[in-house]
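Thank you all for coming.

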Amino acid sequence: MASVPAHSLRVSDIKDPNVLFERYSTEEIRAVERKIRGEIEQKKEELRQMVGERYRDLIDAADTIGEMRQCSESVVRSIQDMDRYCQQLKQARNPPQSLSKLEDQKQSKEKFYSIASQIKLLLEIPERIWSAMECSQYLQATQLYLLCCHLHRQLHLDGGSPHYSPVLSRFPILVRQVAAAGHFRSTILLDSKSVLRGRAVSDQAITEALVSTMLLEGSSPRQALADFLLARKASIQQLLNQPQHGAGIKAQVCSLVELLVTTLYQAYAVFYMPPEGGRGAEPGLSCGLLFTTLENVTSTTTTSKGQKVLHGEGSAGSWFKYLPPSVTNFQPVLRMLAQPIQSDQLRDTLQQWIDTCKEDIRGGVSSLLVYVKSLKALAAIRDAVWELLSSESISLHWSAVCLRLLEKPLCLWDDLLQQLFLQRLQSITQEGMEGISSSSRQLLSSALRDLEARSQSGVFGRGAQYESDVAAFLWMESQGDLPSDAAWVSVSQRGPQLYPQVKSGLSMKTQALTPCVQSFCSALDSKLKVKLEDLQHYLPPEPAAKDQPESAPAPATPSFNRFTDSGAVEEALREHCLACVRDILSSVRSELTGLQADPAGSGRMSLALFMARLCQSLGELCPSLRQCVLGQQGSAVDAAGRGTPWQGRKLGKGGAVKGVELSPAQAKWAGLKEELLACSMEAYRIWSNAVSKALLGSFTGSLHAGSAGSVLATATHWEELEIQEEAESGNTIMSKIHLPVQPSWYVQSLLFRLCLEVNRVGGHALPKVTLLELLRGCMDQVLTEYEKLTQCSESKDTSPPITQSRALQLLFDLRFLSATLGSRLEEGKSSRSQQDPRIQEICDSLEGHIDPFDLDVFTPHLNSNLNRLTQRTSVLLGLLTGTEKQFAPRSSSVGSQEPYNILPLASSQIRFGLLPLSMTNSRKAKSTSRVTDITKPLMAPLSTPAPEDTFRPGNLFRQLANQDEEPTGPSLFKLGWLSGMAK
């Protein structure tokens, strides 16, 4: 039927509707249906027409049949009368026969009836065999076939018999019957073995199929066990060789597991024989069905099933009483003795079969799981297997059956499937993370190329502009700066969120995280969140809250713990996530290497800043990354994890809680943050080196001016002071001196441009280490240029020469640069004595160009001017000077305490939060007692120097350095009016 097209298919060709559904599509089947229904309607119409047209003929035929019946009855009666009349005439002519002759006739008659009844039974057996096979009663069909073979031997119908029976010549139909009976054996064997391969077959059906095979082939129970296991292995191969996708894979794996379980249960029910006494049998399960059925079929002491078959429909006929006892009492006989299988042989055979199936199952299931593309689908398959094995029908007697058959427990999930599922999970996770890494690298490359192209063309978009000028982003207001409920809900009243500041746009500005950085981190976090949500289906669920509905109840006796590999699952996600981030970092490092080789242009520096901010904030703006690395212990945040990367590093040196050991996951998370921090610091270092190199170019040209006009062009206004001097006669005379009160223009330009660069990139959020490196780099280059200038002046090669006025200005410039750029470098130092010794050398060299007597007169006034200038520029240059009071003298006593901030915060909550108040009364009293004029020079050193040391070059700088040992100075701000207004 497979070669016949659907449109030309005839009704007579349709024998099995199931085959029709297997070989034709739905549309073709519907076409066949319409065709058949049309033919049915056509036949009905023809029948109606025939009945209408032939009704009169039908009545005539009925009358004719009635007359024929009457005629036949009269003929039969006449023949009977003639037969009776002939018998009377014959008895009248012949004398009565002897009694022995009558007995011979009777025996001959009975023999004839016996042969006739056997022939009738032989003719009915094929129909009974086909009926039994249609009802899947293969044991009954086997018994009838063996009875048929017995009848052949009784009637000498088999071709190999030496005795020839004239029955075949008198009944030619038996020739065809004998030939047809020869095909029953192969058909019954084929169907019986197909029953063994079935997945939903009862134990009794398996037993009858095996007994049929044993009776037909004359095999032993061990051979029957081998046939059963081979059939089940073929069924496993058939299951594994059906490529399906999606939900079909779950059904396929569950069917495979169910087949394995059913095989062991049926092996126990069919082949296992408990030891003597019956103590080894499992209550509630049957066992030894094969031997029980064999005994019932082949035993001659009990009523056999063959008798029951003959006593069925055929026993109602009168011919059945003429069958000989050899036929009525027929029982099949086994060619071999059916000995029970020993327990060790059964165990070894089953264990060998399980080991053989393991290899096929591993390869087949692995090829099936390739089509599973998500962890959710993989978890659904695992959960389906868990529910199947945990069902009461399987798990109730599973352990006992395994102990009886294998003498050890058997967990199908642990031994067969768990490692396959774990390997597929790792492959899915690796493919997903590689995809995230590839897309992130493409996103990073496109963002960098876009920034570079816009910076070269000069047409900046909003995002590119913010990367090169963060100040514009910081001072631009937007709707997302504050949450909508920020006016009436405080931070403490909000829900316990891990990173509440991420949701606020204002917090992004305080951290100088530009929209490009936020967009990249958001894209990466969303992709990681999808993978994390997908992985959650494979991990144990978190404890449900009280208001959440409870999930479905778990089985009472779970067969295995499906979450035993949670640690390996989290470790796989952690390793692939770390590899993904490190792949992104490798791309960042390669870009930084290119920038370091060619750092020209401010546009390329925006690339370095973008990558620096990206690496700096990746751990903060991607909470899913942190959860991927830490796993379910992500709620236990380590001490360094909540702060910014540089804060965490600072805590790691001395602020972390000692004695708390980090878990391996936390250690890897800390290592990843260190890598991100190192990459960020490297990018900031490239930027700081490029900035210092660019700023120091014009400074160097102005410092090494080659003409007097160039020197005068950069000079500033000097202050004129009147001083009292004592003449040789002892009279006091007034004289005027001129001293610098401002640094040179190129010095001011350098510092101001440096502040602009730092402020432009968000200096408040720059890591302290980066800012210190920038200041240190600028200071080193400044000192290098001053050293070159002093060396040229000593060799008399400088033009114009360094006069006393120029030396005073250069000295003032150097000290102001040292005080400004070196203030942050010295915040962590205990005293100023650890400053760069090159500063002292350059100051000594410059003071050598000043008259010693004039230098002694100028020193206090220069100190005062420098102090006043530093205080005036402390706000303008605040990003460079830091929080320390650079020129506030320190107490010489160790036990005294100096207030860190001269503007303490309000202790009570008033209308204006965080309002600065004035100093306390006691502190104010101490301050007023020590008030000095800010224009006067600072205090002299504690130890009075020798007269020759006073006039030695470098005394000016030495006096300034020794001011650290002075007692605490007064407050520079009087805010009594402000505190009064606050009250």
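Predicted model: local features only at pLDDT ≥ 70, side-chain atom pairs only at ≥ 80, totals over all residues.

I will begin with the largest nonpolar core, which has 206 residues, and in which F271, L417, L625, F699, L754 and Y786 touch the most other members. The largest share of that core, 17 residues, is contributed by helix α28, which runs over residues 664–703.

Staying with α28, let us look at its packing against helix α30, residues 745–760, where the two axes come within 9 Å and cross at roughly 165°. An angle over 145 degrees counts as roughly antiparallel, and α28 and α30 are therefore roughly antiparallel to each other, with a crossing that is right-handed. On the α28 side the contacts involve residues including W687, V691, L695 and F699, and these residues of α28 meet a set in α30 that includes Y746, L750 and L754. Leaving out residues up to four places away in sequence, L754 touches V691, L695, L774, L775, C778, L821 and L880.

The second pair is helix α32, residues 804–821, and helix α34, residues 852–872, which pack at an angle of about 40° with their axes 11 Å apart. That angle makes α32 and α34 oblique to each other, and α32 passes α34 in a right-handed crossing. In α32 the residues in contact are Q804, L808, F812, R815 and F816, and their partners in α34 include F858, L862, L866 and L869.

Now to the cysteines: how many disulfides does the count come to? The count comes to zero disulfides.

Finally, I would point you to R604, which lies in helix α25, residues 602–621. Is R604 buried or exposed? At 18% relative accessibility R604 counts as buried, because the cut-off for buried is under 20%. Setting aside neighbours within four places in sequence, R604 is in contact with E452, G594, L595 and D598. The C-alpha atoms of R604 and A453 are separated by 9.7 Å, although the two residues are 151 residues apart along the chain.

Conventions: Residues numbered from 1 in each chain as written. Heavy atoms only, no water. Core = buried A, V, L, I, M, F, W, Y, C linked by side-chain atoms within 4.5 Å. Buried < 20%, exposed > 50% of the residue type's maximum accessible area, 1.4 Å probe, protein only. Helix = DSSP H or I, 4+ residues; strand = E, 2+ residues; numbered from the N terminus. Contact = heavy atoms within 4.5 Å. Disulfide = S-S within 2.5 Å. Axes fitted to C-alpha atoms, helices over the stretch in contact; angles between N-to-C directions. Parallel < 35°, antiparallel > 145°, perpendicular 65-115°, else oblique. Left-handed = near helix turned anticlockwise from the far one by under 90°.
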